[in-house]
Amino acid sequence: FKRTDIVTMSAMIDKLLSPLVRMQRRSIGKALTAYGLRVDDLLDPTFDKYVKEALELLPEKEYVLRQRRLMRALDLEVKHEKLPEELQKIQDPFKPYLSPIVEKLKNQEYERVNYQ
């Protein structure tokens, strides 16, 4: 294969998959919104040392909000309920608060290992 063929094939694959990616993102957003969660709330500190460290660096207010979202979601799930529609409308499940810190920590670790 020539490089131009690979680039063309990659563009075609992206074009074919983008509707599926949008549908999946919409589906995930809807599921998270139903419980008032954000994508970053699903990051588990027991399986990722960077998430654990990022949670320690998170401002206390944001940490408390995360804990409240998780407890509310658990409560709603146990009761087989969803967040009221008016609250679902104001949710932004893809607004990051933890992942930027995780990425920064990973980059710092990469630099430490590779440049020192």
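Is Leu83 buried or exposed? Leu83 is buried, at a relative accessible area of 5%; buried means under 20%, exposed over 50%, and partly exposed in between, with a 1.4 Å probe and protein chains only.

1. Basis. This is a predicted model, in which local features need pLDDT of at least 70 and side-chain atom pairs count only at pLDDT 80 or more, while totals for chains, interfaces and linings use all residues. Residues are numbered from 1 along each chain as its sequence is written, and side-chain values use heavy atoms, with hydrogens and water left out.

2. Leu83. This residue sits in the loop between α3 and α4. Helices here are DSSP runs (H or I, at least four residues; strands are E, at least two), numbered from the N terminus. With residues up to four places away in sequence not counted, Leu83 touches Thr33, Ala34, Tyr35, Gly36, Arg72, Leu76, Gln88 and Gln91; contact means heavy atoms within 4.5 Å. Arg72 is 11 residues from Leu83 in sequence, and the C-alpha to C-alpha distance is 9.0 Å.

3. Gln88. Helix α4 holds Gln88, which is buried, with a relative accessible area of 16%. Leaving aside neighbours within four places in sequence, Gln88 is in contact with Thr33, Ala34, Lys82 and Leu83.

4. Helix α1. This helix covers residues 3-35, 33 residues in total, and reaches 46 Å from its first C-alpha to its last. That is close to the expected 48 Å at 1.5 Å a residue, where the expected span is 1.5 Å times one less than the number of residues. At Leu17, α1 bends by about 35°, and a proline, Pro19, follows within four residues. The bend is the angle between axes fitted to the seven residues ending at a residue and the seven starting there.

5. Packing of α1. Which residues of α1 are buried? They are Gly29, Leu32, Thr33, Ala34 and Tyr35. The buried residues of α1 pack against α3 (60-78) and α4 (85-88). Ile6, also in α1, is partly exposed at a relative accessible area of 47%. Ile6 and Glu56 are 50 residues apart in sequence, and their C-alpha atoms are 44 Å apart in space.

6. Backbone angles. Gly36 follows α1 and has a positive phi, near 75°. His80 also has a positive phi, of about 55°, although it is not a glycine. His80 is in the loop between α3 and α4 and is exposed, with a relative accessible area of 72%.

7. Helix α2. Tyr50 belongs to α2 (residues 49-57) and counts as buried at 17% relative accessibility. Not counting residues up to four places away in sequence, Tyr50 touches Val102, Leu105, Lys106 and Glu109. Tyr50 and Val102 are 52 residues apart in sequence but 5.6 Å apart in space, C-alpha to C-alpha. Ala54 also lies in α2 and is buried, with a relative accessible area of 0%. The C-alpha atoms of Ala54 and Val64, 10 residues apart along the chain, are separated by 14 Å.

8. Largest pocket. About 220 Å³ of space lies in the largest pocket. A pocket is an open set of points on a 1 Å grid over the protein atoms alone, with protein on both sides within 12 Å along at least five of seven lines; a cavity is a set where a 1.4 Å probe fits but cannot get out; lining residues have an atom within 4 Å of a point. Points are joined across faces, edges and corners, and the volume is the space filled by probe spheres set on them.

9. Pocket lining. The largest pocket is lined by Gly36, Arg38, Leu65, Arg68, Arg69, Arg72, Ile90, Gln91 and Asp92. By class, this lining has 2 nonpolar, 2 polar and 5 charged residues; Ala, Val, Leu, Ile, Met, Phe, Trp, Tyr, Cys and Pro count as nonpolar, Asp, Glu, Lys and Arg as charged, and the others, Gly among them, as polar.
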